[in-house]
Amino acid sequence: MISIKSVTVAGLPLLEVAPLGKETDELPTVVFYHGWTNHKESSLVNGYELAKRGFRALLPEAHLHGERSAGELLEKDSPEFWDVIAHSLAELPVLKDHYIQMGLSDPNRFGVSGLSMGGITTCAALTQFPWIKAAVVLMGSPSPVSFSKWLLSSKWVEGMNVPFNEADYAKELAALQPISLDAQPEAIAGRPVHFWHGTKDDLVPYQPTFDFYQSIKDQPHAENVSFTTTVGAGHKVPYLTSVEMAEFFLKHL
């Protein structure tokens, strides 16, 4: 049996999913981030699979999404994408510290995962927080700069009149360098990291992420990095991939 609680930590709404009867125990913990224009409830299948395996799963509501949207729907072509990720990165250590101080999370067993925008957030978090012990990236990109360039010609902006100021755009790209895992793969530092991606993903392209994996897999800092591919899968995480994610944490966290 599983316990699901709606809680707020430092103003951040989230769902806390844990094994029933162990809600107040110190547990290994995984923060799972949802995708762009989605909400925390959409990640419940992932929280459920984690809690089944003895983890405390924390499913935060991303900035400008769900309860944090002030009643306004966030459009897929909204320019706040990287600002949302920046908020998640700032909030992650707040969540960790709160749950450790409350005696609810094992300080030595803290993981991060997410899908789409949440997968991109997970890659970025690996560049910032060495206390992350394991991570799973579901159809996310480790390359925010190249992903941003790709977005300009993608279906994300179909039919849009995209304003483009070259100087401002260059500044935006430069600001992404510190969170670019592809620019500093040594930040993985031997930690277990798993990637999953479908080959027909038209919103976060498969090939650049697979190429990144291929480029690092034989390096010492990436000895515990793995990758699975689902041929023909688009931009949707299959249920069995959520199971695979939870099993990875069970093995490595």
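## Burial and the salt-bridge network

A residue is called buried when its relative accessible area is under 20%, and exposed when that value is over 50%. In this predicted model, Glu 61 has a relative accessibility of 1% and therefore counts as buried. Lys 40 is likewise buried, with a relative accessible area of 1%. Glu 61 and Lys 40 form a salt bridge, and their closest N and O atoms are 2.7 Å apart. Glu 61 belongs to the loop between β4 (56-60) and α2 (81-101), while Lys 40 belongs to the loop between β3 (27-33) and α1 (44-52), so this contact ties together parts 21 residues apart in sequence.

Lys 40 also meets the side chain of Glu 67 in a salt bridge, with an N to O distance of 2.5 Å. This second pair links distant parts of the chain, 27 residues apart: Glu 67 sits in the loop between β4 and α2, and Lys 40 in the loop between β3 and α1. Glu 67 is exposed, because its relative accessible area is 52%, whereas Glu 61 is buried at 1%. Lys 40, Glu 61 and Glu 67 are linked with Glu 41 in a network of salt bridges.

## A salt bridge to helix α7

The whole structure contains nine salt bridges. One of them joins Arg 53 to Glu 247, with the closest N and O atoms 2.7 Å apart. Arg 53 lies in the loop between α1 and β4 and Glu 247 in helix α7, so the pair ties together parts that are 194 residues apart in sequence. Arg 53 is buried, with a relative accessible area of 18%, and Glu 247 is partly exposed, at 37%.

## Nonpolar surface patch

Helix α7 spans residues 239-252 and includes Leu 240. Together with Val 45 and Tyr 239, Leu 240 makes a nonpolar surface patch of about 310 Å². The relative accessible area of Leu 240 is 65%, so this residue is exposed.

## Helix α3

Helix α3 covers residues 117-128, which is 12 residues. From its first C-alpha to its last the helix reaches 17 Å, close to the 16 Å expected at 1.5 Å a residue.

How many residues of α3 are buried? The count is 11 of 12, and the helix is mostly covered. Among the buried residues are Met 117, Ile 120, Cys 123 and Leu 126, along with the glycines Gly 118 and Gly 119. Thr 121, Thr 122 and Thr 127 are buried too, as are Ala 124 and Ala 125. In an α-helix there are 3.6 residues a turn, so residues three or four places apart point the same way.

Strand β6 is made of residues 134-138 and contains Ala 134. Ala 134 counts as buried because its relative accessibility is 0%. The C-alpha atoms of Ala 134 and Arg 191 are separated by 5.9 Å, although the two residues are 57 residues apart along the chain.

Strand β7 (residues 193-198) and strand β8 (residues 225-230) run parallel and are joined by six bridges. Phe 195 has Phe 227 in β8 as its bridge partner. Helix α6 (residues 206-216) forms a right-handed β-α-β unit with β7 and β8. In a regular strand, side chains alternate between the two faces of the sheet.

Conventions: Residues are numbered from 1 along each chain as its sequence is written. This is a predicted model: local features need pLDDT of at least 70, side-chain atom pairs count only at pLDDT 80 or more; totals for chains, interfaces and linings use all residues. Side-chain values use heavy atoms; hydrogens and water are left out. Two strands pair if DSSP finds at least two bridges between them. Helices (H or I, at least four residues) and strands (E, at least two) are DSSP runs, numbered from the N terminus. A crossover is right-handed if, with the strands pointing away from the viewer, the path from the first strand over the helix to the second runs clockwise. Patches are made of residues with over 30% relative accessible area and no salt bridge: like charges are joined within 9 Å, nonpolar side chains (Val, Leu, Ile, Met, Phe, Trp, Tyr) within 5 Å. Accessible areas come from the Shrake-Rupley method with a 1.4 Å probe; for residues, only the protein chains shown count as cover. A salt bridge is a side-chain nitrogen of Lys or Arg within 4 Å of a carboxyl oxygen of Asp or Glu. Buried means under 20% relative accessible area, exposed over 50%, partly exposed in between (1.4 Å probe, protein chains only). The expected span of a helix is 1.5 Å times one less than its number of residues.
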